[in-house]
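Thank you all for coming. Please have a look at the chain on the screen while I walk you through it, and keep your own notes for the discussion.

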Amino acid sequence: MGKYLTEGQLQSFRDDGFLVVPNFVSDQHCLQLRERAMKLAELHVPSPEEATVFTADGKPQHTSDDYFLTSGEQIRCFFEKDAFDEDGNLRAEPHLALNKLGHAMHDLDPVFDSFSRTPELAAVASDIGMRDPVLLQSMYIFKQPHIGGEVTCHTDHTYLWTEPQSVVGFWFAIDDATNENGCMWALPGGHRLPVRSRSRLNESRTATVMDVLDPEPYPLDNLQCLEAKRGTLVLLDGAVPHLSAANTSDKPRHAYTIHAIDGAARYPDDNWLQRPTLPLRGFSLN
Ligand SMILES: O=C(O)CCC(=O)C(=O)O
């Protein structure tokens, strides 16, 4: 028995590389975060020139954009590809056209900060063997009705590389996530496969490039559907392949995700996410 998780849950996480923990956060806290995210979306709307669009595979369309590459220590807004009409005008109000907010709400906004740093989260991190967990990035994912794009199969280690590999995803359903509105899917045991690609900054640090370590695509036939009611925590080993489908329904699927790494692991300076002025902090409030 861990501090929060049962032995059975820990075994499941070790076996599968992911774990669904229902009722981890109260509805009230989820709704408070949801309201705050909508507010931040209004407050941080970028100018049309700055706006970065996320393509279907979850990559920014303009990876060279300073706006994206410096977002590791900011609160920035990223739009859905279908948020714009043929003339480049937003089809809806900005906060209804966003793909996500990223990537430092957990450090810069008090509501996100306290949601991200609870004793329960510290206990879970300790249960799964994280010795010095530090919160590297946060994303608030809107998965808007009709326009919420798919996130293709990837591992988080690909984007947040540490040596040794240490990233863990703490994903929270802020709305009910169902097969209909684009819930997450993951490959049971997929964390034991070698990670197949690494995204890093190019030499001039103006764009990201993908190093393909193994061109074989991940086997997708045995994916497990991770439907999750509001307040559910989904833990994801950094090496487990996961994805989510587009939201073609009329229901939003808001989610919040934190990626934590081991503070003792090496964090290469060619990772896209750099925080030169904002020190990393752990889960506990002190
Ligand atoms: O919420 C989603 O649809 C994708 C999230 C994801 O891939 C992640 O948190 O690593």
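Predicted model: local features only at pLDDT ≥ 70, side-chain atom pairs only at ≥ 80, totals over all residues.

Let me begin with the ligand, around which we find Ile141, Val151, Asp156, Gly169, Trp171, Met184, His242, Ser244, Ala255 and Thr257. Two or more of these residues come from each of β7 (168-173), β13 (242-244) and β14 (255-262).

If we take Leu235 and leave aside its neighbours within four places in sequence, we find it in contact with Phe13, Phe18, Leu19, Val21, Ile128, Val168 and Phe170. As a general remark, nonpolar side chains tend to be buried together in soluble globular proteins.

Next, the strands. There is an open sheet of four strands, which runs in the order β6-β13-β8-β11 with antiparallel pairing; its edges are β6 (151-154) and β11 (224-226), each of which pairs on one side only. On average, and with direction ignored, neighbouring strands of this sheet are turned by 20 degrees against each other. Within it, β8 (residues 184-186) and β11 pair over three bridges, and Ala186 has Gln224 of β11 as its bridge partner.

There is also a hairpin, formed by β9 and β10 with six residues between them, and in its turn Arg205 has a positive phi of about 60 degrees. The two strands, residues 197-201 and 208-212, are antiparallel and share five bridges, one of which links Ser197 with Val212.

Which peptide bonds are cis? One joins Gly102 and His103, with omega about 0 degrees, and His103 has its place in strand β4 (residues 98-103). Another runs from Glu163 to Pro164, with omega near -5 degrees, and here Pro164 lies in the loop between α7 (156-159) and β7.

Finally, two loop residues. Asn23, in the loop between β1 (18-21) and α2 (27-43), has a positive phi near 55 degrees, and this residue counts as exposed because it has 11 C-beta neighbours inside 10 Å. His146, in the loop between β5 (133-141) and β6, has a positive phi of about 70 degrees; with 14 other C-beta atoms within 10 Å, His146 is partly exposed. For context, most residues other than glycine have a negative phi, and most peptide bonds are trans.

Terms used. Residues numbered from 1 in each chain as written. Near = placed C-beta within 6 Å. Contact = placed C-beta atoms within 7 Å. Pairing = 2+ DSSP bridges. Axes fitted to C-alpha atoms, helices over the stretch in contact; angles between N-to-C directions. Buried ≥ 20, exposed ≤ 12 C-beta atoms within 10 Å, placed from the backbone.
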